[in-house]
Amino acid sequence: MKPKVCFFSFNLLTSLLRDSNTEVLGGAELQQLIIAKEMVVRGYKISFITLSPDSKCQWAYPQFNIVPTFRQKDGFPVLRFIYPRLFKVWLALVKVNADIYYIRGAGFYLAPLVVYAKLYNKKVVFCGANDTNFDPSKIKLPHYRDKIAYFWALKRCDFIIAQNNIQKKTALMRSGVNVRIIHNGYFRSKSLSSFSEGVLWVANFRKSKNPKLFLNLARSLPNCQFIMIGGRPEQEDFNVIAEEARQIPNLNFYGYLPIGKVEQFFLRAKLFVNTSSYEGFPNSFLQAWQKGLPVVSFVDPDSLISRNRLGISVKSFDEMINAVDSIVNNKIVFSPLRIQEFYNNNLTIDGLVDEYEKVFKSVSNIS
């Protein structure tokens, strides 16, 4: 008998709605969706606890049991922390009555989730979303209260999933809970990029993604063509980047595009560039390697890029300029077939969910 699994994520609301016009789909949200879809195929009963939509809506995934909680604007300031927020979250946990609750990314609500699980003999599996999630000196949460509650709860989870060795070491030091590394996964593919277009950047326009570095990269290599795609979680920053980008003649700026259209750019790009200052395990790496594209990045989780010739890991902006120039002008050549073969053998969604099943089996009370 398979355990009932519930994914707890407020940020997933817009992704679960039919005809959503959201311009942001974070990597954590995408991973939860594709994991949940694969688990349904394997016979699991999957629920989601998320925010309530502002109006009547249709859910995009009838195969899931979706339980909304509250709207962000509901209730009175200060008092809303208790009602409706904590009250309705607790009701949702009781209503779902899952065997295992899965939550990804740091936040206050890990604490009530853990309290509920201890009271009702349920299990909590926490997954890190990026490298700051286990480091009190780097983590960013809205209130000090949230930080205290989160790290208290982290020590009381039943299992922690890390995306890389840095996360695993920090999680073990901060929690003492069983930790396993499970890299992100994506869909299997046989299609290779045509390598007919330019240097691709895809991310949400957050400061941690360093989008201005990509603009500077395009300015530094005027004979190369650059493509920039991303959503707008911070409207003011997005507008500034968009205005600058449109003044760079060798840069095509697209802003937000649905994931299906983004895939078409991966199928034509020459290489992928990541300018983030920190990551856990970027989904964009998977999208690139799925198509045989090399990756140039400051971030190299568990040295996958450098150890497996999946691109070039760089330490400085000057190194990034040289790396991009070398790949575009064929001074350094990578094998697309070899990159795609590594991806298909190690980073597909079926292999990812195999690992999750092992974790869920190890913590489950169901025999």
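Asp-54 sits in the loop that joins strand 2 (46-50) to strand 3 (65-68). The model described here is predicted. Asp-54 has a relative accessible area of 56%, above the 50% cut-off, and therefore counts as exposed.

- Leaving out neighbours within four places in sequence, Asp-54 is in contact with Arg-71 and Lys-73.
- Leu-13 is 41 residues away from Asp-54 along the chain, and the C-alpha atoms of these two residues are separated by 11 Å.
- Ser-208 also belongs to a loop, the one between strand 8 (199-202) and helix 7 (211-220).
- The relative accessible area of Ser-208 is 19%, which is under the 20% limit, so Ser-208 is buried.
- Not counting residues up to four places away in sequence, Ser-208 touches Ser-276, Ser-277 and Tyr-278.

**Helix 3 against helix 4**

- Helix 3 (residues 82-96) packs with helix 4 (residues 110-120) at an angle of about 40°, and the two axes are 11 Å apart.
- The crossing of helix 3 with helix 4 is right-handed.
- On the side of helix 3, the residues that meet helix 4 are Leu-86, Trp-90, Leu-93 and Val-94.
- Helix 4 contributes Pro-112, Leu-113, Val-115, Tyr-116, Leu-119 and Tyr-120 to this contact.
- The residues of the contact comprise 10 nonpolar ones, with no polar and no charged residues.
- As a general point, an α-helix has 3.6 residues a turn, so residues three or four places apart point the same way.

**Nonpolar cores**

- The largest nonpolar core holds 86 residues, and the members that touch the most others are Phe-48, Phe-226, Trp-289, Val-296 and Val-324.
- Helix 14 (residues 349-363) supplies the largest share of this core, with 7 residues.
- Val-296 touches residues that include Leu-271, Phe-272, Val-273, Ile-312 and Val-314, with residues up to four places away in sequence not counted.
- Met-320, Ala-323, Val-324 and Ile-327 are also among the residues that Val-296 touches, and so is Asn-274.
- Another core, of 39 residues, lies apart from the largest one, and its members include Ala-98, Ala-117, Phe-134 and Leu-154.

**Buried residues of helix 13**

- Helix 13 (residues 336-346) has buried residues at Ile-339, Gln-340, Phe-342, Tyr-343 and Asn-344.
- Helix 10 (283-290) and helix 11 (304-307) are among the elements that cover these buried residues.

**Backbone details**

- Most residues other than glycine have a negative phi, and most peptide bonds are trans.
- The peptide bond from Tyr-83 to Pro-84 is cis, with omega near 15°.
- Pro-84 is part of helix 3.
- Phe-195 is not a glycine, yet its phi is positive, at about 55°.
- Phe-195 is found in the loop between strand 7 (179-181) and strand 8, and with a relative accessible area of 26% it is partly exposed.
- Asn-210 is not a glycine either, and it has a positive phi of about 50°.
- The loop between strand 8 and helix 7 contains Asn-210.
- Asn-210 counts as partly exposed, at 24% relative accessibility.

Terms used:
Residues are numbered from 1 along each chain as its sequence is written. This is a predicted model: local features need pLDDT of at least 70, side-chain atom pairs count only at pLDDT 80 or more; totals for chains, interfaces and linings use all residues. Side-chain values use heavy atoms; hydrogens and water are left out. Axes are lines fitted to C-alpha atoms, for helices over the stretch in contact, and angles run from 0 to 180 degrees between N-to-C directions. Helices (H or I, at least four residues) and strands (E, at least two) are DSSP runs, numbered from the N terminus. A crossing is left-handed if the near helix is turned anticlockwise from the far one by less than a right angle, and right-handed if clockwise. Contact means heavy atoms within 4.5 Å. Ala, Val, Leu, Ile, Met, Phe, Trp, Tyr, Cys and Pro count as nonpolar, Asp, Glu, Lys and Arg as charged, and the others, Gly among them, as polar. A nonpolar core is a set of buried Ala, Val, Leu, Ile, Met, Phe, Trp, Tyr and Cys residues joined through side-chain atoms within 4.5 Å. Buried means under 20% relative accessible area, exposed over 50%, partly exposed in between (1.4 Å probe, protein chains only).
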